[in-house]
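Visitor: I am new to this structure and would like a short tour. Could you take my questions one at a time?

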2 protein chains.
Amino acid sequence: MTDSAQLAFRALADPTRREIIRLLTQQDMSIAALTAHFDMTRAAVKKHLTVLREGGLIVVHPQGRERLNRLDPAGLEPVLDWLGLFDQFWDDRLDRLKSVVERSPE
Amino acid sequence: MTDSAQLAFRALADPTRREIIRLLTQQDMSIAALTAHFDMTRAAVKKHLTVLREGGLIVVHPQGRERLNRLDPAGLEPVLDWLGLFDQFWDDRLDRLKSVVERSPE
DNA sequence: ACCATGCGATACCAAAAGGTATCTAGTCAA
DNA sequence: TTGACTAGATACCTTTTGGTATCGCATGGT
C-alpha cells in the first residue's frame, strides 16, 4: 500500500526522466536508443527507467534481444487525481491571475 | 532561466510538502501552526517551505511577528503546462484503459 | 526596559539519489 | 560454437536531500 502517487511524483521530479517520457510519447524505445539522446551512460539511463517503471509510468515489453520501453498513461492517474483534488482551488485563483500573469513578464 | 517546471516538480515530489499544500488549501498558516501537523521540528518544516517557495507554489506575507504561508496557484502552471503537452496522448490511451483498469484491481 | 514568543540561519549528520566502471547473461548471425 | 550486440546487476563514489540541534534576531505585551 505504498502510496502510488508518491512513486509517480518522484518519477516526474527529475528532468532526465521527464525528457525520457517526452521521447517515449513519440515512439517506444530501447535503452540504447534512449541513451543516444543523453550525455550519460546506459547504466544511468537504466536507473532512470527503473524509477519510471516503479512509478508506473512505463512498461517494458521484450522483443527479441531488445526490450522496448513503452509509456503507460495509467501511471499518471494518481498524479492527475491528486492535482484534481484542488481543481476548485486552482481554478478560482488561476482564472483571476491569468490576465495579471500575462501582462507581467517579470 | 532555471527551468521553473523543474523547481515545481521537485517541490511536489515530497509527501510532506504535498501535505503542506493540502493544509494550505484550507487556510493560510504560520510555520508553527504547520509544524503541529507533523512529527518533525520547525526547522525541518521551514526547509520544506523554502523548497515550496522556490517552486513558486507558496508566497509568504508577514503579519506582525507571524509570517503566514499562502498557497500560490500560479506556481502550478508550469506543471499543468507540462502535463498538458501530452493531453492528446494521455486521453487517447486513458479512455481505452479506463474500463480495463476498473475491472482489474491487481 | 524587559522577557516571551515566532522565525531565520547555520553547522552538522545520515540516508537517498545520480552517476560511472565493470562483470555477467541472453539472443542472433555466421 | 564462436563472436558481436543488447541488456541486467553490482560495487563504488559524490552530491543532494531530509532531518536535528543550536544560536541569534525581531516583534509585541507587560
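**Helices, interface and salt bridges**

Guide: In this predicted model, helix α1 (residues 4–12) of chain A packs with helix α5 (residues 77–84) of chain A at an angle of about 100°, their axes lying 8 Å apart.

Visitor: Which word describes how α1(A) lies relative to α5(A): parallel or perpendicular?

Guide: The two helices pack at an angle of about 100°. Angles of 65 to 115 degrees count as roughly perpendicular. Therefore α1(A) is, relative to α5(A), roughly perpendicular.

Visitor: How many charged residues does the contact of α1(A) with α5(A) have?

Guide: From α1(A) come Ser4(A), Ala5(A), Ala8(A), Phe9(A) and Leu12(A), and they meet Pro78(A), Val79(A) and Trp82(A) of α5(A). By class, seven of the residues in this contact are nonpolar and one is polar. The number of charged residues is given as no charged residues.

Visitor: How does α2(B) lie relative to α4(B), parallel or perpendicular?

Guide: The axes of α2(B) and helix α4 (residues 42–54) of chain B come within 10 Å and cross at roughly 80°. Because angles of 65 to 115 degrees fall in one class, α2(B) is, relative to α4(B), roughly perpendicular.

Visitor: How many nonpolar residues are in the contact of α2(B) with α4(B)?

Guide: On the α2(B) side are Thr16(B), Arg17(B), Ile20(B) and Ile21(B), and on the α4(B) side are Val45(B), His48(B), Leu49(B), Val51(B) and Leu52(B). Two residues of this contact are polar and one is charged. The nonpolar residues number six.

Visitor: Which element gives the most residues to the side of chain B that touches chain A?

Guide: In all, 31 residues of chain B are in contact with 30 residues of chain A. The two chains bury about 2,700 Å² between them, 81% of it on carbon and sulfur atoms. On chain B, the elements giving two or more residues to this side are α1 (4–12), α2 (15–26), α5 (77–84) and α6 (87–103). The most, seven residues, come from α6(B).

Visitor: How many salt bridges are there between chain B and chain A?

Guide: The side of chain B that touches chain A has 20 nonpolar, two polar and nine charged residues. Across the interface, four residue pairs are in polar contact. The count of salt bridges between chain B and chain A is zero.

Visitor: What separates Glu19(A) and Arg22(A) along helix α2 of chain A?

Guide: Over all chains there are six salt bridges. Glu19(A) forms a salt bridge with Arg22(A), with the closest N and O atoms 2.7 Å apart. Because these two are three residues apart in helix α2 (residues 15–26) of chain A, their separation is about one helical turn.

Definitions and conventions
Residues numbered from 1 in each chain as written. Chains lettered and ligands numbered in written order. Predicted model: local features only at pLDDT ≥ 70, side-chain atom pairs only at ≥ 80, totals over all residues. Heavy atoms only, no water. Contact = heavy atoms within 4.5 Å. Buried area = accessible area lost by both parts, 1.4 Å probe. Salt bridge = Lys/Arg side-chain N within 4 Å of Asp/Glu carboxyl O. Polar contact = N/O pair within 3.5 Å; in protein donor to acceptor, adjacent residues only side chain to side chain. Helix = DSSP H or I, 4+ residues; strand = E, 2+ residues; numbered from the N terminus. Nonpolar A, V, L, I, M, F, W, Y, C, P; charged D, E, K, R; others polar. Axes fitted to C-alpha atoms, helices over the stretch in contact; angles between N-to-C directions. Parallel < 35°, antiparallel > 145°, perpendicular 65-115°, else oblique.
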